[in-house]
Amino acid sequence: MNYRTVIGLEVHVQLKTKSKCFCSCSSEYGAEPNTNICPVCCGMPGALPVLNRQAVELAVKAARALNCTVKERSIFARKNYFYPDLPKGYQISQYELPLAVQGWVEFDSDGKGTKRVRITRAHLEEDAGKLLHFIGTTPVDGSLVDMNRCGVPLLEIVSEPDITSPSEAHEYLAALKEILQYAGVSDCDMEKGSLRCDANVSVSATDELGTRSEIKNMNSFRAVEKALAYEVKRQSSLLEDGQKVIQETRLWDETTLKTYSMRTKEEAHDYRYFPEPDLVPLVIEKELVARLDREMAELPRMRRARLIAQFGLSEYDARVITQDRYGADYYERAVACRPPKAVDLKQFAKSIANWVTVELAGCLNKAKISIEASPVPPENLARLVELIFRGEISGKMAKEVFAEMFGNATTVDKVISKRGLKQISDEGALSKIVESVLLNSQNIVEKYRNGNEKVLGFLVGQVMKQTNGQADPKQVNQLLHKKLSKSE
Amino acid sequence: MNYPLMTALELRDMLARGDVSPSEIVRIAFAEIEKQEPRIHAFVEVFTDRAVERANELEQIPKEKRGPLWGVPVAIKDNLCLSGKSTTCASKILEGFVAPYTATAVKALEEAGTIIIGRTNMDEFAMGSSCEHSIYGQTRNPWKEECVPGGSSGGSAAAVASGEVPLALGSDTGGSIRQPAAFCGAVGLKPTYGRVSRYGLVAFASSLDQIGPIARNVGDAALLLKVISGHDQYDSTSLDVPVDDFSDSVGAGVRGMKIGLPQEYFGQGLDTIIKERILSTVKNLEEMGAGVEEISLPHTDYAVATYYIIAPSEASANLARFDGIKYGWRSTQARDLREQYAETRGEGFGIEVKRRIMLGTYALSAGYYDAYYLKAQKVRTLIMKDFHNAFKKVDAIITPTTPTTAFRLGEKLSDPLQMYLADVFTIPVNLAGLPAVSVPAGWTEQCMPIGLQVIGPALKESNILKVARAVEQIIQTKK
C-alpha cells in the first residue's frame, strides 16, 4: 500500500547573544563547568529574571528572516517539570502568546522545484543545563550538573506538518540553518548543540492524518533523515500488518539506527504552563521590527541570485559558495580584492570560485576547519589568483604555493620569496639558459635539425630543470623554436 | 534611655547627637533580646558578631556620610537574603542554605546605616497566619503569650512590639505584614506592588509578594518605606517611578480627605468590639475634617477563593527549585531520581506548604486550568476594578485589618479554612496590588490590640500614611 508521510519539525536554535537570556552571565560555549553561573541562572532562592534585550532583537530578526509576523505583545510562561539540569524546576518559555507566528521557509527541493514549509510559531525560551554522568567511577560515582548552559537563549521554531519525506526534512533543516546563519542570529551548529531538532511524523493511507510519534535525540541533519526514514518504515509496516501506531515519544539510537519508545501519551508530562509572574509582557514596538528589517542581511536565495548576476557564476558554483554565510562572505571579500585594471571581473570571480570550491574546500575539509577560521584569509587567496593572472606563477606552482600558505598560515609573497619560486618570465634571463642548454646538447640539436621534432620535449625539460621549474613551459617552447630556427 | 519604648526616629536622633554610640545600642538591643526571647521567641538567629562588627564600621563613617537610619537596629524576616547568612524561610528544606547574595531591600537597609540584628521567625515559606508553621517552633504574642503573633511575619511583628528592635522588614502576600502588625499592636505597611524590589525575597506568590516595614509608629514606618522603595534593575516588576518623601506626608492631616467605608468589610464574622473601635475612630477622623462615605466593593466575597487559587499556583512553581540538588535539605533515603525528589520534598516541607503546593499543582493541571487559574485571574481583575471605581470617589479606604484579635496558639491549626479567613480583609489588597497599612486602633477589654487598615490607590502610600498618622494621634489622646 502507498502511505502518505507527514512530518513537522520543532527546531531549537541558540541565539548568538553575549550573555544569557535572563541574567548577565556569559553564554559562551565550552567553558569550565559551572563557571558561567550566578544566583539567577542557578535558581537561587529569591533571584529574579531580567530579559536580555539582545536576545529579543535576535529573536525578532530570526522571526523576520523566516517571514513570521512579530507580535506586538507576547508573554512568557513557566513550563513546569522536575529534572536536575533545570535549577528552578521550571523553564521560562512562551506558550499562549508567542513572539512570532505564521511564517514560512522556501527552498529548492531536489528535482521538485521550490518547496514552501509554513512556520506555525517561533518563541523565545531559556536552555537547561547539562548532566555529566560518572557512574561507578572514582572519585565521583554519580551524576554532576553543569549549569553553564542554564538560561542561554533559544528560539524554538515550530513548523506546520508540511514536510512530506525524510529527505525533504533534511532540506528544510539545511535551508533553515542557512537562513538563520545569514540573518546572523545563530551559528546553528548541531555538534555544539546550537541547533537541535525534534520531529513529529505520521503515515496514512487515507486523506486523514495518521497517529504521530515524536522523535528525539538526533544529532545531525543526516540522523534526522535516517530516523525519519526508519520511523516511516516502522509505522508503515505496523499499518501493513493491520496494527495501530500509538502516540508516543521515541528516541533515536545512532548506534543501532533504530528508534525506541521513551514514553507514551499517557505518560507525557503535564507542564502546567502559566504566565511567568516575574516578567512583564514583552512589548515589541513596530519601530524595532522595522529597524531590524532594514538591517536584515541578504538571505541565501537572494544572495545566490545576485552572485550569478553580478559575477556570472554558474548555478552550481553559486550554490556551493553560498551554502553558508561565512563561505559567501569569504568569497565576496576575495573577489573584492581584484586589481581592477589588471584582471577582468568575471574571469577573476570565476577563478576565485574555483579556488574556493576546490582547493580551499578540500584543505578545510581535510583539516576540519570552518571557513571563517581559514588559515588563508580571502585577501591572501585573491593575491595568489592575481599573481596567476599576471603570469608570475604557473597554475601548477600555485597549487603547491597554496598548500604551503594553508599549512603554515602564510602569504603567497612570503612563500614565493622563501622558495625562490617566482616564475622566470624575464626573456633575457631565460634566453641565456636556453642557449646554454642548446650548447650542452649538441647531439640532440642535431637530431632535431634532422627532422626529429619529438626531441624538443627533452630540451624543454632540460630548461625547466635548470630553472627549477620556475619557467613558463609555453614560453620556453617558443624560445627554443626561435633559437633553433635562427641558427639554421 | 528606655530602649524598648523608643521609636527609630528617637533612637536615630540620640545617635546623631552622640548621646549613645551604635556599639552601645547593639549591646542594649541584644540585652533586650536576651530578656524577651525566652518569652516570645521572635528570632530564629541573631547575628551577634556581625552586628558588633557592623557597629564598629558605622562608627568610622564621618558624620556627613551617615545614612538616615545610622546605628538603628533592625530585624529581617527569614525569607530575605543576606549574603553569608542562612536564609531558611523557617523550613527544613532550606536547612544549611547560606545566601550567596543580599536582597536589594536589605542592601538598602544597610546603606541607610541600620544594623541588622538577626532574622525573625515566620510561617514556613510565608504560608500561614499564626507563625506556628515554623521548623523553629512558634512565636508568641508579646501582649499575651497564649496567643499567636499572627503571620506570616509574626517574628518581625513580635520583635518590634516587644521592644527588641524598633524596626523590622516583613513580607506580605495576603496580609502577612498587616495581620501580625494588627495582632501585635504595631504599624505594618504593604507597599504598592512594584514599589519595593523583590530581588532576594524568597518567592511565595510572585504576583502578590511585597516587602514592607513593621514599626512602632507611623513615622518610623514612613521612613523605612522610603529607604527600601525604588526601582531595581534586578526586578522586572519593580516600578520605575519617583519615590515620595513619605515622612513629609505623615503629619499633613486628614482635613478634606475623603475616606470610604466598604460595607462588605463590616458584616458577618467581624468581632463587635473591633467594629465599634474602627467606627468610633472613623468618627474621630470625621471630626478632624475628613469626609466619610459608605462605599461598596462588590466582589470582596470572592477574594479569599481567588487568592487560594492564584497564590498556591504560583507557589507550586516557585517552590519547585527546592529539590535537594543544589542546596538545602537532601534526603538520604532515595534510591533513584524520582525518589530523590519525592523523599527530599516529602521530608523537607511542612504540612501547610505541601497542602498549598498540591492545591496549586491541581489548579494548573491540564483540564483544570481554565476552570480554576484562568477564572481566578478574571475575578482578580474584577476585584481590581472594584477598588479602581472606589478610588474615583475616595482618597483612602478604611477597614478592620482582621475580623478577630489574636487567637490562641493551636486554636486554628487543625482547621486550615478558619486560618485562611484570618486574612479575609487583607487579601483583596494584594490581589489589587494596592498599598495598605495596619495601624493600632485601640484595645479590647482583654488588652488585645486592634488593627485598623487603610487602603490607598496605587502609589499613594502618602495618602494612607496621612490617615494612619491621624489614627495614631486619636488613639494617643484617648490613652
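In chain A, 69% of the contacts with a separation of 6 or more join residues 24 or more positions apart. The model is predicted. Its chain A carries three assigned domains: domain 1 (4–289), domain 2 (298–419) and domain 3 (427–487).

**Overall dimensions**
- Chain A has a radius of gyration of 31 Å.
- A compact globule of 488 residues would come out near 23 Å.
- Along the principal axes, the C-alpha atoms of chain A fill a box of roughly 100 × 55 × 55 Å.

**Secondary structure and burial**
- Chain A holds 15 helices and 16 strands.
- Buried residues make up 41% of the 488 in chain A.

**Domain 1 and domain 2**
- The centres of domain 1 of chain A and domain 2 of chain A, taken over C-alpha atoms, lie 36 Å apart.
- Domain 1 of chain A gives 6 residues to the contact, and domain 2 of chain A gives 4 residues.
- Helix H2 (residues 166–182) of chain A supplies 4 residues, the largest share of the side of domain 1 that touches domain 2.
- That side of domain 1 of chain A has 4 nonpolar residues, 1 polar residue and 1 charged residue.

Methods. Residues numbered from 1 in each chain as written. Chains lettered and ligands numbered in written order. Predicted model: local features only at pLDDT ≥ 70, side-chain atom pairs only at ≥ 80, totals over all residues. Domains from an automatic or database assignment. Contact = placed C-beta atoms within 7 Å. Helix = DSSP H or I, 4+ residues; strand = E, 2+ residues; numbered from the N terminus. Nonpolar A, V, L, I, M, F, W, Y, C, P; charged D, E, K, R; others polar. Rg over C-alpha atoms; globule rule 2.2 N^0.38 Å. Buried ≥ 20, exposed ≤ 12 C-beta atoms within 10 Å, placed from the backbone.
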